[in-house]
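Here is a short note for a colleague who is opening this structure for the first time. Please keep the view open while reading the points.

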Amino acid sequence: MSHHISNNLTSTSSNNQADLTTAKADIVAIKAKTDFLSITQNVDLDVIETDTLNNKLDVATLNSQLANSVASTLKTNIDANTSARTTNATNIASNLTIISGHTSAIGANLLARTQNATDIATNSASITTINNAYPRETTIRQFALTSGDIYNDGKVKFYWDAANRQLRFWILDIPSGQYTVGGVERWVGTGITRVANYISQNNSTYYHYFTGPQLGGAVLNSSFNLSSSYARATYFLTPYSTNDYPSYEIIVLVGYSAGYNTITIKRLI
């Protein structure tokens with residue numbers, strides 16, 4: 001603001017008085033604005049103006065940087081990484097749950113294996129009991145023209161050989177080195193033939209005949225075939241010297257040679 005008091009003697013006193021009143025009012029207004037200012041040293045208004053401009057530029061820069069921190073690619077990547085970390089934490093927790101489940105399943109399987117081993121041992125003992133309790137006398141019907149196993153008590157199994165119409169045997173469980181002896185008596189019409197000998201050693205690896213030594217392989221004696229009708233054969237099998245093996249007597253009754261034979265198996269001890 002600028003006020004000029006005229007020195008022209010021609011100016012009127014009223015105009016000068018008006019300018020003085022206005023100037024006084026301006027001074028009062030300035031004083032009201034500067035009452036809160038405390039100045040302890042000389043002030044360069046040009047420097048203040050320059051510093052103020054620089055401060056405005058700094059504020060603009062800070063506002064720009066603040067804007068970048070909110071919407072820039074850097075913030076986007078940081079947000080994405082934070083989300084990924086949250087997802088990874090969730091996946092890790094899920095994997096730990098799965099691992100825990102697998103650990104429980106493995107533990108259950110180990111317990112089941114232990115139980116299975118116990119069950120197998122129990123079943124084996126039961127089988128032994130059943131074998132020992134096998135009926136002392138068993139009678140079956142066997143078609144003469146069909147081969148196959150007809151008896152198994154865990155110690156021996158008997159096999160009907162339809163091709164040669166003879167009974168054969170397989171030793172399953174005898175002490176090592178022990179022999180069995182046996183033989184057969186065949187009765188057809190009025191003719192009777194018979195033979196007996198040691199016939200096996202140790203557990204078998206093939207089916208033996210009852211008609212002679214069978215240590216190196218099965219040896220057929222066809223004169224004991226039951227290929228005729230109206231026939232009977234009696235077989236026996238017993239250990240040579242051990243007390244730890246049963247004895248057997250088997251009777252085969254033949255009506256029609258191509259029909260059904262009646263076979264009775266006796267376990268004697």
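**Notes on the model**

1. Start with a loop. Arg 165 sits in the loop between β3 and β4. This is a predicted model. Arg 165 is not a glycine, yet its phi is positive, at about 50°. Most residues other than glycine have a negative phi. Is Arg 165 buried or exposed? Its relative accessible area is 14%, so Arg 165 counts as buried.

2. Tyr 230 lies between β7 and β8. Tyr 230 also has a positive phi without being a glycine, here about 55°. Its relative accessibility is 70%. Exposed means over 50%, so Tyr 230 is classed as exposed.

3. Now the overall layout. The protein chain holds three helices and ten strands. Read from the N terminus, the order is α-α-α-β-β-β-β-β-β-β-β-β-β. The protein chain has 269 residues, and 26% of them count as buried. Its accessible surface is about 18,000 Å². Carbon and sulfur atoms hold 57% of that surface. Consider contacts in the protein chain with a separation of 6 or more: 50% of them join residues 24 or more positions apart.

4. Look next at the sheet. Which strands form it, and in what order? Four strands make an open sheet, arranged β2-β3-β4-β7 with antiparallel pairing. β2 (148-152) and β7 (208-209) are the edge strands. Each has a single partner strand, so one side of each lacks a neighbour in the sheet. Strands of a sheet pair through backbone hydrogen bonds.

5. Strand β3 covers residues 156-161, and strand β4 covers residues 166-171. The two pair in the antiparallel sense over six bridges. Val 156 faces Ile 171 of β4.

6. Tyr 159 belongs to strand β3. What does Tyr 159 contact, leaving aside its neighbours within four places in sequence? The partners are Ser 147, Gly 148, Asp 149, Gln 166, Leu 167, Arg 168 and Tyr 207. Tyr 159 and His 208 are 49 residues apart along the chain. Their C-alpha atoms are separated by 9.4 Å.

7. Then turn to the core. The largest nonpolar core has 26 residues. Val 156, Phe 158, Phe 210, Tyr 235, Leu 237 and Ile 250 touch the most other members. At least two residues of this core come from each of β2, β3, β4, β8 (231-239), β9 (248-254) and β10 (260-267). In soluble globular proteins, nonpolar side chains tend to be buried together.

8. Tyr 235 deserves a separate look. Tyr 235 is among the core residues that touch the most other members. Not counting residues up to four places away in sequence, Tyr 235 touches Gln 166, Leu 167, Gly 183, Val 184, Phe 210, Leu 226, Tyr 248, Glu 249, Ile 250 and Val 252.

9. Finish on a helix. Ile 99 is placed in helix α3, which spans residues 73-132. Ile 92, Leu 96 and Ile 99 make a nonpolar surface patch of about 300 Å².

Conventions
Residues numbered from 1 in each chain as written. Predicted model: local features only at pLDDT ≥ 70, side-chain atom pairs only at ≥ 80, totals over all residues. Heavy atoms only, no water. Patch = residues over 30% accessible without salt bridge, like charges linked within 9 Å, V, L, I, M, F, W, Y side chains within 5 Å. Areas by Shrake-Rupley, 256 points an atom, 1.4 Å probe, with all protein chains shown as cover. Salt bridge = Lys/Arg side-chain N within 4 Å of Asp/Glu carboxyl O. Pairing = 2+ DSSP bridges. Buried < 20%, exposed > 50% of the residue type's maximum accessible area, 1.4 Å probe, protein only. Contact = heavy atoms within 4.5 Å. Core = buried A, V, L, I, M, F, W, Y, C linked by side-chain atoms within 4.5 Å.
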